[in-house]
Amino acid sequence: MESTMKEMRDGASVLDFDSKSTVEGGVEDVYGEDRATEDQLVTPWTISVASGYCLLRDPRHNKGLAFTEKERDAHYLRGLLPPAVISQQLQEKKLMNSIRQYEVPLQKYVAMMELEERNERLFYKLLIDNVEELLPVVYTPTVGEACQKYGSIFRRPQGLYISLKEKGKILEVLKNWPERSIQVIVVTDGERILGLGDLGCQGMGIPVGKLALYTALGGIRPSACLPITVDVGTNNEQLLKDEFYIGLRQRRATGQEYAELLDEFMSAVKQNYGEKVLIQFEDFANHNAFELLAKYGTTHLVFNDDIQGTASVVLAGVVAALKLIGGTLAEHRFLFLGAGEAGTGIAELIALEISKQTKAPVEETRKKICLVDSKGLIVSSRKDSLQHFKKPWAHEHEPVNNLLDAVKVIKPTILIGSSGVGRTFTKEVIEAMASFNEKPLILALSNPTSQSECTAEEAYTWSKGRAIFASGSPFDPFEYNGKVFVPGQANNAYIFPGFGLGLVISGAIRVHDDMLLAACK
Ligand SMILES: NC(=O)C1=CN([C@@H]2O[C@H](COP(=O)(O)OP(=O)(O)OC[C@H]3O[C@@H](n4cnc5c(N)ncnc54)[C@H](OP(=O)(O)O)[C@@H]3O)[C@@H](O)[C@H]2O)C=CC1
Ligand SMILES: CC(=O)C(=O)O
Ligand SMILES: [Mg+2]
């Protein structure tokens, strides 16, 4: 052992390279480091001990200038740091000062990601202590722009990439991840990133951001969190042409090829981490999201954040808003713009809760809720052509082509935007809501800010200060007629970290609707 270690230090005779090597090509230096060819690889050896120079480069343990005198002695750090010892509190102050100086949100994002790569404890300290200020940086809206530009800002992998190239080897890929005790996985296939569409492999920013919140808001150890992007290609032409694109350069696999990769992934996760690992599906397109949830909901500990997390947080928001707008849940009429994952997920949980409260069957309570999609109001005459998750919402009603007309005929008390399309709550729509509601509840859930159905300013101005408003991405307080209105944020971030924590610490192995209702309360 002794001699092997010495040989490794002295120049890697361990690998038994000599001048008679059969390796063709490659340029050789005295350490044999450049012997690798494409056919014959040189195994990269590192001796990893968390002390000295390596310790300063290990984000899990590095404290930078906050290492105390005693720690500097104990961990062989003398001389590797300037003499000043700076407390974590002061480090935090310095970093917040420098982050505040950036005017471009993406620069703040990059600064935060660099900090995470350098000093993980400090990263989480900043995030926890300044959550209101930094949530829009590491999460929506800035994470949306980060995903769009991920190819350019990508430095080091922050999670696992499992692509079609890894088919048949996913279990091995999972074993490449340095941590063993994984409790929460957030996985995306990048097809519906916020309201920005298909960003392929660059969707990785989303699982990374979501898991940062699992730690900052849920208290799950960072090492127990694993962000994963399953790359089955992208249909985003711009990315396919982008020379900096980091993903598979092919159109999306579908059908059996897609299902088989996902199936291998789900089996490998269970085999590697056991039955109690939580898998959160995030930002899949709806044609896969509902199917994956139905398929794996009975065999794995999974939930879909966009369908179920959003439902839980929005129901909680509506129930809280009843204190302002009055009435019981059952006394309200709901209209949605957008009948996808978020829209139908929220609608179903509201119907379920009304059913619980009133003892009416859920088939009846669903009738209090109407949804508009890109083709107009969902009505029974459209039933045959509807995707399965829309069918329960195809009520008996005359066809209505657009949102404004739907608002006028249905006269909802609560209007919820989950369309992914910005500025769809027009002046006419908000004015109509305000014409028959003393306090219309307006939720513009779509992310990021550019896709919000309306801004806070628009909701308050067009309703003459009467709207109760919340949005998926945050808006600043707005002053109208001398009164300051503070908009709420309706985002699943308010629930998934706590929900996930509950699942993990309770030892649950399946997620049930009752848990979502309990979380909502
Ligand atoms: N605040 C939060 O916590 C959350 C917010 N979201 C946001 O919600 C948005 C939608 O997400 P998700 O439900 O998963 O997406 P989906 O793609 O599943 O659903 C989008 C829905 O909007 C409809 N739609 C699209 N364009 C229009 C339009 N111009 N007029 C009317 N309807 C339209 C679609 O219609 P059709 O079916 O006819 O195509 C579809 O029904 C995204 O922006 C996402 O960021 C999502 C989850 C959580
Ligand atoms: C918040 C979120 O999950 C989304 O917009 O997709
Ligand atoms: Mg999402």
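Buried here means under 20% relative accessible area, exposed over 50%, and partly exposed in between (1.4 Å probe, protein chains only). Helices (H or I, at least four residues) and strands (E, at least two) are DSSP runs, numbered from the N terminus. The structure is a predicted model, in which local features need pLDDT of at least 70 and side-chain atom pairs count only at pLDDT 80 or more, while totals for chains, interfaces and linings use all residues. Side-chain values use heavy atoms, with hydrogens and water left out; residues are numbered from 1 along each chain as its sequence is written, and chains are lettered from A and ligands numbered from 1 in the order in which they are written.

Strand β11 pairs in the parallel sense with β10 (residues 441-444) over four bridges; pairing requires that DSSP finds at least two bridges between two strands. Within β11, S471 lies opposite A444. Between β10 and β11 the chain passes through helix α20 (residues 456-462), forming a right-handed β-α-β crossover. Right-handed means that, with the strands pointing away from the viewer, the path from the first strand over the helix to the second runs clockwise. Strand β11 also runs parallel to β14 (residues 488-489), to which two bridges join it. S471 has Q489 as its bridge partner in β14.

The largest nonpolar core has 90 residues, of which Y109, F123, L126, Y214, F334, F336 and I369 touch the most other members. Helix α15 (residues 305-325) gives the most to this core, with eight residues. At least three residues come from each of domain 2 (139-300) and domain 3 (309-494), the bounds being taken from an automatic or database domain assignment. A second, separate core of 36 residues includes V232, A253, Y258 and F284. A nonpolar core is a set of buried Ala, Val, Leu, Ile, Met, Phe, Trp, Tyr and Cys residues joined through side-chain atoms within 4.5 Å.

Leaving aside neighbours within four places in sequence, L126 is in contact (heavy atoms within 4.5 Å) with E92, L95, M96, I99, M112, L115 and L134. C370 is located in strand β7 (residues 369-373) and is buried, its relative accessible area being 11%. With the same exclusion of sequence neighbours, the contacts of C370 are F334, L335, F336, L377, H395 and I410.
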